[in-house]
Amino acid sequence: MNIPKEDARKYAPATQRNREPILELLLQVLPTTGTILEIASGTGEHSIFFAPRLTPRQWLPSDPNPELRASIATWAEHFPSDNLYPPLELDAAQPIWPVEKDQDSNYSPIVAIVNINMIHISPWSACLGLMAGAGRILPPGGILYLYGPYKQGGEHTAPSNEAFDESLRAQNPEWGIRNLEDVVTVASKENLSLQATYQMPANNLSVVFQRSK
C-alpha cells in the first residue's frame with residue numbers, strides 16, 4: 001500500500017515557539033553568503049522556515065533518521081525554496097561526514113553550522129562529533145550556532161530545566177542537559193572559540209562559536 005507523502009510530515013510544537021527568536025539571531029550572526037549546514041534537522045519545520053528568510057544563503061538540512069529525512073523532504077515539497085537543498089543522511093558522531101566525502105557536490109562553501117535541540121537529546125558522543133566536524137569543515141571565521149537548554153556552573157538555570165533533565169535521563173541515561181562549560185571546553189579543543197551566549201525563550205540559550213583564524 002502506498003502511503004501519501006503528506007503522511008511523512010512530522011511536527012515539533014517547540015518549532016512554532018522558537019523559530020522567530022532563532023531567526024532574528026541567525027540574521028545577526030551568520031555570514032551573509034554561503035551554505036549553512038543544519039545538523040539534526042528533525043522534522044524539517046525549521047528548514048522550511050529559515051531557508052527563504054536567509055536568502056541568499058543556502059540551507060542544507062541533515063538528519064541520521066530516515067523518517068525525519070522523509071519529513072524534511074515532504075515539508076520542502078509543500079514549501080519549496082530555491083535555496084533549500086535536499087536533506088543529507090548525516091550522523092554527527094561519525095568520524096567523517098558526507099559533506100567531506102562529496103567533492104563533486106553543487107553546494108556553495110559551508111560557512112556555518114546550525115544545531116538546534118540536539119546536544120541534550122543524544123549521547124555525549126554526538127556533541128563530541130559535532131565539535132570535531134565543525135572544526136574540520138568550517139573555514140576560518142566560520143560560525144557554529146547552538147540552541148537548547150544548558151546548565152551553567154553545574155547548576156540548572158530553572159526548575160523546569162531540572163525536571164526536563166530528569167525526564168530525559170529516565171528515557172535514556174546517555175541523554176541529559178549538558179554543562180555549558182563542558183561544551184565550551186570541547187569546542188576550544190577543535191579551534192572553536194565562544195563568541196557569545198544569548199538568553200532565549202523557555203530557559204534556552206543560543207551559543208555562538210567561531211572557527212579560529
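**Entry 1**

A nonpolar core is a set of buried Ala, Val, Leu, Ile, Met, Phe, Trp, Tyr and Cys residues joined through side-chain atoms within 4.5 Å. I applied this term to the structure above, which is a predicted model.

I looked up the largest nonpolar core and found that it holds 31 residues. The members that touch the most others are Leu 37, Trp 97, Ile 113, Leu 130, Met 131, Leu 144 and Leu 146. I then noted which elements supply at least two residues each: strand E1 (35-39), strand E3 (110-116), helix H5 (124-137), strand E4 (143-148), helix H7 (180-189) and strand E8 (204-211). Helix H5 gives the most to this core, namely six residues. I also recorded another core of 24 residues, which lies apart from the largest one and includes Ile 48, Ala 51, Leu 84 and Ile 116.

I next listed the contacts of Leu 144, leaving aside neighbours within four places in sequence. Among them are Ile 113, Leu 130, Met 131, Ala 134 and Leu 138. Leu 192, Val 207, Val 208 and Phe 209 are also in contact with Leu 144.

I then examined the pairing of E3. E1 and E3 pair in the parallel sense over five bridges. Within this pairing, Ile 36 has Ala 112 as its bridge partner, and Thr 35 has Ile 110. E3 and E4 also run parallel and are joined by five bridges. Here the bridge partner of Ile 116 is Tyr 147 in E4. Taken with helix H5, strands E3 and E4 make a right-handed β-α-β unit.

Which residues lie on each side of E1? I recorded Thr 35, Leu 37 and Ile 39 on one side, with Ile 36 and Glu 38 on the other. Both faces of E1 are covered, as these residues are all buried.

E1 pairs with strand E2 (58-60) as well. This pairing is parallel and has three bridges, and Leu 37 has Leu 60 as its bridge partner in E2. The chain crosses from E1 through H2 to E2 in a right-handed β-α-β crossover.

I therefore turned to helix H2 (residues 45-53), in which seven of nine residues are buried, under 20% relative accessible area. The buried residues are Glu 45, His 46, Ser 47, Ile 48, Phe 49, Phe 50 and Ala 51. They pack against H1, E1, E2, helix H3 (66-78) and E3.

**Entry 1: pocket and cavity**

I looked up the largest pocket, which has a volume of about 880 Å³. Its lining consists of 34 residues. Those nearest the centre of the pocket are Ile 116, Asn 117, Met 118, His 120 and Ile 121. Helix H1 (13-29), E1 and helix H6 (159-171) each supply at least two residues of the lining. H1 provides the largest share, with four residues.

I then searched for cavities of 30 Å³ or more and found one. The largest cavity has a volume of about 40 Å³. What lines the largest cavity? I listed Asn 115, Ile 116, Asn 117, Met 118, Ile 119 and His 120, together with Tyr 147, Gly 148, Pro 149 and Tyr 150. E3 and E4 are the elements that give two or more residues to this lining.

Note on methods
Residues are numbered from 1 along each chain as its sequence is written. This is a predicted model: local features need pLDDT of at least 70, side-chain atom pairs count only at pLDDT 80 or more; totals for chains, interfaces and linings use all residues. Side-chain values use heavy atoms; hydrogens and water are left out. Buried means under 20% relative accessible area, exposed over 50%, partly exposed in between (1.4 Å probe, protein chains only). Contact means heavy atoms within 4.5 Å. Two strands pair if DSSP finds at least two bridges between them. A crossover is right-handed if, with the strands pointing away from the viewer, the path from the first strand over the helix to the second runs clockwise. On a 1 Å grid over the protein atoms alone, a cavity is a set of points where a 1.4 Å probe fits but cannot get out, and a pocket is an open set with protein on both sides within 12 Å along at least five of seven lines; lining residues have an atom within 4 Å of a point. Grid points are joined across faces, edges and corners, and a volume is the space filled by probe spheres set on the points.
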